[in-house]
Amino acid sequence: MSLVTLSDVLQPALRDGYAVAGLVTLGWEDMRAYVAAAEAEDVPIILQAGPSCREHTPLPILGEMFRHLAEGASVPIVAHLDHGYTHEECRVAIDSGFTSVMFDGSRKPLAQNIEETAAIAEMAHATGVSCEGEIGFVGYTGGEGSDGTDPDEAARFARETGVDAMAISVGNVHLQQNKEGGLDEARIRAIEAVTEVPLVIHGGSGVPVAQRTALARGSKVCKFNIGTELRMAFGNALRTAVNADPERFDRIQILKETHEPVVEATRRVLQALKGA
């Protein structure tokens with residue numbers, strides 16, 4: 001069985017100069033492709049169930065799916081709740097076999113974010129589960145704007161919450177379809193100077209690949225969340241498969257044709273995060 005916690009994969013990454021991909025799942029087809037890619041590259045991955053995934057499939061089912069894949073995998077797999085917004089949601093994830101939960105209190109005042117995140121970290125740690133928190137706010141393309149992470153607040157957040165990983169806002173944006181942005185490396189350096197906690201970049205699809213590699217190898221950024229980039233690969237493959245034969249209606253046959261394109265796209269993501 002290769003099911004592990006977030007700390008199990010991020011602490012070696014922090015020590016040895018690489019990063020681990022947090023791969024945002026929407027269903028069985030993409031999660032199994034992610035595991036196949038991880039095995040081909042011989043690297044650990046983090047399977048992530050975000051809000052849109054949970055709207056479609058209940059947490060207990062997702063927990064079983066993640067654990068089933070991990071049990072058959074040859075590489076370490078983390079079963080991770082992404083953007084849990086309530087204590088109850090995080091508790092259900094833990095009860096459903098997730099090995100890591102991310103509590104997102106980033107829209108709340110600092111003191112409240114710290115208090116609630118600390119309570120969830122304590123609950124998680126009591127059952128051997130890791131906890132990620134967010135300080136600053138990572139916005140959305142075409143939606144809410146970002147609020148950059150203040151290094152002093154990050155230091156306090158890490159110290160008072162006891163989180164195992166800390167998501168930061170340093171120019172990253174969720175749902176970005178191009179890689180024209182780039183991160184504020186000066187802000188990253190200021191944050192990593194005041195904490196030993198592994199750092200997380202949400203909205204990793206919008207970060208230029210060369211910058212992902214440089215930060216993976218030369219900073220405390222140990223986790224890049226990648227969703228949009230791989231959803232686009234899946235969507236393009238699905239569109240091609242559907243349009244190839246208008247008479248075909250068996251969705252299993254159609255969905256099978258998304259597997260290899262998603263594996264290849266995922267392998268490229270994983271290759272960029274490896275050590276020197």
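**Helices and cysteines in the predicted model**

A214 is partly exposed, its relative accessible area being 45%. The structure described here is a predicted model. Within it, A214 belongs to helix α9, which covers residues 209-218.

Helix α4 comprises residues 59-72, 14 residues in total. From its first C-alpha to its last, α4 reaches 20 Å, close to the 20 Å expected at 1.5 Å a residue. The buried residues of this helix are L59, L62, G63, M65, F66, L69 and A70. Viewed down the axis of α4, these buried residues fall within an arc of 165°, and they therefore line one face of the helix. The face turned away from the buried side of α4 carries the exposed residues E64, H68 and G72.

Buried positions in α12 are H259, V262, V263, A265, T266, V269, L270 and A272.

The packing of two further helices was also examined. Helix α6 (residues 110-126) packs with helix α7 (residues 151-161) at an angle of about 30°, and the axes of the two helices are 9 Å apart. Because angles under 35 degrees count as roughly parallel, α6 and α7 are roughly parallel to each other. Their crossing is right-handed.

Cysteine pairing was considered next. A disulfide is a covalent bond between the sulfur atoms of two cysteines. A search of the whole structure finds zero disulfides. A pair of cysteine sulfur atoms would have to lie within 2.5 Å to count as a disulfide. For C53, the closest cysteine sulfur is that of C90, at a distance of 15 Å, which is too far for a bond. For C90, the closest cysteine sulfur belongs to C131 and is 6.8 Å away, again too far for a bond. C53 counts as buried, with a relative accessibility of 1%, and C90 likewise counts as buried, at 0%.

Conventions: Residues are numbered from 1 along each chain as its sequence is written. This is a predicted model: local features need pLDDT of at least 70, side-chain atom pairs count only at pLDDT 80 or more; totals for chains, interfaces and linings use all residues. Side-chain values use heavy atoms; hydrogens and water are left out. Buried means under 20% relative accessible area, exposed over 50%, partly exposed in between (1.4 Å probe, protein chains only). Helices (H or I, at least four residues) and strands (E, at least two) are DSSP runs, numbered from the N terminus. The expected span of a helix is 1.5 Å times one less than its number of residues. The arc is that of the directions from the helix axis to the C-beta atoms. Axes are lines fitted to C-alpha atoms, for helices over the stretch in contact, and angles run from 0 to 180 degrees between N-to-C directions. Angles under 35 degrees count as roughly parallel, over 145 as roughly antiparallel, 65 to 115 as roughly perpendicular and the rest as oblique. A crossing is left-handed if the near helix is turned anticlockwise from the far one by less than a right angle, and right-handed if clockwise.
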